[in-house]
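My entries follow in the order in which I made them.

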Amino acid sequence: MQRRDLLGLMGLTALGAPLRPAFARGATHGLLALDATAQAALVRAGHLQPAQLVQASLARVADVNPRLQALVELCPDRARGQWQGPPSPGPFWGVPFAYKDAVDLQGTHRRSGSRLQADAALSSASSPLVARCEASGLIAIGKTATPEFQLSATTEPLLGGPVRNPWNPLHSPGGSSGGAAAAVAAGMLPMAHATDGGGSIRIPASCCGLFGLKPSRSRMQGSGPRDAGVDHAVSRTVRDSATLFWWNQRGDGAAPLPPMPAVHGPSARRLRIGFAPQNLFGEMPDPAVLQEVTRVARLCERLGHQVLPFAHGIDGERFFDAFMVAWSGGAERALQQAEGTGRPPDTLLEPWTLHLARHARALPAGAAARAGAHFAAVGAQVNAWFDAVDVVLSPVAASEPPPLGWLAPTVPGATLWARLMRYASYTPLHNVAGTPAMSVPLGLSARGLPIGSHFAARVGDEQTLFALAYELEQADPWSHRVPPL
């Protein structure tokens with residue numbers, strides 16, 4: 001294809017033409033409609049310069065971020081310094097990117113969505129994960145919003161206000177990587193860094209119509225054997241996620257999992273897929289979610305996979321009691337820090353964080369050890385599932401993206417806990433078990449809100465998930481769907 005024809009397909013007439021009209025018409029046209037892989041290919045071919053990609057991204061941020069509040073800090077000078085430096089041989093040279101405000105990015109603030117850290121100093125160094133992403137060629141333009149200390153399944157921090165879902169600004173983009181998901185769905189970025197300690201990649205991906213895979217424990221840079229959380233990304237396409245996964249996976253001598261080969265497409269292998277629409281409490285999701293996940297199960301059957309009824313066999317009450325022990329521990333450490341300032345903690349921490357912290361302080365001696373022992377037993381039980389099936393299919397969340405305010409940190413603690421246990425009852429199990437899991441954006445509800453489908457596999461078997469995701473992407477494409485922003 002000739003250079004002029006290629007640019008014409010993107011809505012551009014020349015490299016020097018203004019970019020704003022090309023993508024202001026919508027994500028189906030123009031430069032920012034392209035995924036990260038396609039953007040990087042244009043840079044490698046000499047059709048575009050990294051500066052043009054970054055400037056287009058920043059212009060889009062200026063257009064839509066005031067309405068969505070997805071990015072909380074920009075670093076254009078840092079981006080300029082990177083694109084003016086030597087080209088990266090990595091797969092994403094020149095592609096704009098953003099990091100969740102839960103990691104250190106040199107020259108920016110790490111506030112973690114909390115008033116407690118509102119006056120945080122600039123980070124003097126970047127985390128190893130950032131260095132690895134930058135080696136791939138990704139150029140940081142800023143940081144994305146997160147709920148306070150990543151403690152919720154929505155992104156509505158009192159510091160900065162709620163992030164709005166591009167599909168409907170009255171609804172949540174999910175959490176805790178809600179800022180990342182909203183930014184990608186709105187066309188500000190082709191993909192963005194995200195973390196997942198209980199569903200924080202998969203729930204926002206489902207809410208915003210994106211692909212999001214949580215890797216196995218210890219798989220990625222910075223992830224260790226005791227970590228429930230793991231870093232990766234939310235993206236528009238499977239190939240972007242698969243390539244970044246391949247680049248960022250651990251390859252050091254202490255890595256417990258062997259490096260996975262790059263996955264470039266579907267597999268001929270037909271899978272045994274366990275279908276588990278019920279949550280750990282034996283409850284079915286809301287009708288719109290049940291209808292969608294059932295449709296996806298039938299799609300898998302049409303593709304030749306064997307879909308089997310599946311019972312998880314996990315005691316939901318006991319599991320979430322233990323999960324609350326672990327969850328509240330982080331909040332208690334934040335309360336200790338707040339108390340050390342000499343200021344009233346309720347002026348620094350949100351009501352939900354304080355509720356969790358007080359729960360932690362009321363726990364009996366030995367609660368953490370008992371929770372850890374239970375988690376070890378649950379992890380063994382979940383990994384044993386995959387002797388009978390290759391993949392388990394379930395909802396990502398029990399409902400469509402909820403209205404803003406329904407999961408807000410100002411909701412009374414007991415009420416919010418009950419709502420979270422209903423809404424986010426499918427994803428935390430795989431953080432505890434260390435199993436990889438993904439949200440695939442196959443559905444839209446009758447109200448035009450995205451609904452993802454959740455697939456999980458054995459520890460270390462991301463290859464099966466990526467291959468299945470490629471197949472589903474080909475069979476039921478989603479890239480033509482864009483938010484009515």
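I take helices (H or I, at least four residues) and strands (E, at least two) as DSSP runs, numbered from the N terminus. I am working on a predicted model, in which local features need pLDDT of at least 70 and side-chain atom pairs count only at pLDDT 80 or more, while totals for chains, interfaces and linings use all residues. Residues are numbered from 1 along each chain as its sequence is written, and side-chain values use heavy atoms, with hydrogens and water left out.

Entry on the loop. I looked between strand 3 (139–144) and helix 7 (178–185), where Ser176 lies, and found that the peptide bond leading from Gly175 to Ser176 is cis, with omega near 10 degrees. Gln150 belongs to the loop between strand 3 and helix 7 as well, and its phi is positive, near 60 degrees, although the residue is not glycine. I noted both because most residues other than glycine have a negative phi, and most peptide bonds are trans.

Entry on helix 4. Just after helix 4, Gln69 has a positive phi of about 60 degrees.

Entry on helix 4 against helix 5. With axes as lines fitted to C-alpha atoms, for helices over the stretch in contact, and angles from 0 to 180 degrees between N-to-C directions, helix 4 and helix 5 (residues 76–83) cross at roughly 165 degrees, and their axes come within 10 Å. Helix 4 is therefore roughly antiparallel to helix 5 (angles over 145 degrees). Taking contact as heavy atoms within 4.5 Å, I see Pro50, Ala51, Val54, Gln55 and Leu58 of helix 4 meeting Pro76, Ala79 and Trp83 of helix 5.

Entry on helix 11 against helix 13. Helix 11 (residues 316–339) packs on helix 13 (residues 367–385) at an angle of about 130 degrees, with the axes 9 Å apart.

How values were computed
Parallel < 35°, antiparallel > 145°, perpendicular 65-115°, else oblique.
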